[in-house]
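Reader: I am new to reading structures. Could you take one part and walk me through it closely, then show me how the rest is built?

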Amino acid sequence: MTTQLSTADARALALRAQGFTEPRPATGVDLRHLRRFVNRVNVVQMDSVNVLVRAHYFPAFSRLGPYPVGLLDKMAYERHELFEYWGHEASLMPVALYPLFRARMERAKRGQLWGGIARFARENKKYVEAVHAEVRERGPLAASDLSEKGARGEKWWGWAPGKSAMEWLFWTGELSTSSRRNFERVYDLTERVIPKDLLRAPAPSEEESHRRLLEMSIAGLGVATVKDLADYFRIKVPDARPRIAELAEDGRLIPVRIQGWPNPAYIDPATKVPRRVDVRALVAPFDPIVWERARTHRLFDFHSRIEIYTPSHKRVHGYYVVPFVLGDTLVARVDLKADRKAEILLVHAAFAEPGRQPASIAGPLAEELRRLAAWLGLEGIRVGARGNLARALRRAVR
């Protein structure tokens, strides 16, 4: 008999799986806390938008509170405990996962992924080989450091040829990210970045890699459909479906039915629904708890849309919109910007979700905004007039 769970149960499982139900450190965040966070979620999405803070820094703040962002950089680029690759989009992941992506790198070499850049590599083979040789000879390089950046005016997907070549070599595992320079990726030979024991370790088959990644997916999601599980590490659904069936047959995934969900779901066999969930957190638009729009709607009745790339006159909520979790659900969203010159956190707009009372949200939200502003080194908060929550939030901030 299939286990039946309510939507509230599903929300509780999802929030606990992502670490939101654990108390924040009382005496400051250190490397141990960050390791626990990264090893729990296993994939932290990166994005170039910096209107508030870089996307990969925000999830740890949401769960742990203020921390020195340099600690995450230290883990990635000094200690090499994390590596960059295409996990869920461009991502930071624990370096122990590296062998599980070897099969993806081999697919890229065969031209089975990202066809456009594979075509570029085929048509410019000698140039790509020259770029690889230059990195080997000169050491870590950004695309802007290359001695031959390619023909003037030539572009592939908005990139100069040098960047395209380096991204192809990164996609295929020949190069890895050595560091970041003002967020520009600096590449080096993979053998000089990834620990040797992981490079020498036998690569699991693609099927086994998918099984292990899907087990990490359910650990990070708490409750998920086939599509949700596949999306976590960007595995194609037709490839994920048979592996999920195998995991269910082995008892490593438990089928469940969630009230109101049209499709069957799965949970971890060791999971238990928390008795009480009382979360208070701002979450980035690229946070794992909200990055899959359909799942976010099923869990929280929250219509999520990243409007960064939407023309300004068509935006509903704003440019960089941050959801707010209160209790066990998403109750509001705020359009934020860090005005670093004026040292002000700007709240361009604030919206309570339908049916939510602004007066009950404004105080807890103001507290989290103060914590965010302090973490970003901003001296104050300025709330604009747009949105049904703006007036109450302005009073609470004052």
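**A covered strand and its partners**

Author: Start with strand β12, residues 321-327, which is mostly covered: 6 of its 7 residues are buried. Buried means under 20% relative accessible area, exposed over 50%, and partly exposed in between, with a 1.4 Å probe and protein chains only. Helices (H or I, at least four residues) and strands (E, at least two) are DSSP runs, numbered from the N terminus.

A word on the source. This is a predicted model, where local features need pLDDT of at least 70 and side-chain atom pairs count only at pLDDT 80 or more, while totals for chains, interfaces and linings use all residues. Residues are numbered from 1 along each chain as its sequence is written, and side-chain values use heavy atoms, with hydrogens and water left out.

Now the partners of β12. Two strands pair if DSSP finds at least two bridges between them. Strand β11, residues 279-282, pairs with β12 in the antiparallel sense over 4 bridges. Ala281 has Val325 in β12 as its bridge partner. β13 also pairs with β12 in the antiparallel sense, over 6 bridges. Here Val322 has Val334 in β13 as its bridge partner. A hairpin of 1 residue joins β12 to β13.

In α13, residues 293-300, the buried residues are Arg295, Thr296, Leu299 and Phe300. Down the axis of α13 they fall within an arc of 100°, so they line one face of the helix. That arc is taken from the directions from the helix axis to the C-beta atoms. These buried residues pack against β13 (329-339), and also against α1 (7-17), α10 (206-221), β8 (223-224) and α11 (226-232). Contact means heavy atoms within 4.5 Å.

Look at the ends of α13. Glu292 caps the N-terminal end: a side-chain oxygen lies 3.2 Å from the backbone nitrogen of Ala294. A polar contact is a pair of N or O atoms within 3.5 Å; within protein, one must be able to donate a hydrogen and the other to accept it, and residues adjacent in sequence count only if both atoms are side-chain atoms. After α13 comes Asp301, whose phi is positive, near 55°.

Last, step back to the protein. Its secondary structure comes to 15 helices and 15 strands. Buried residues make up 55% of its 398 residues. Its C-alpha trace spans about 65 × 60 × 45 Å along the principal axes.
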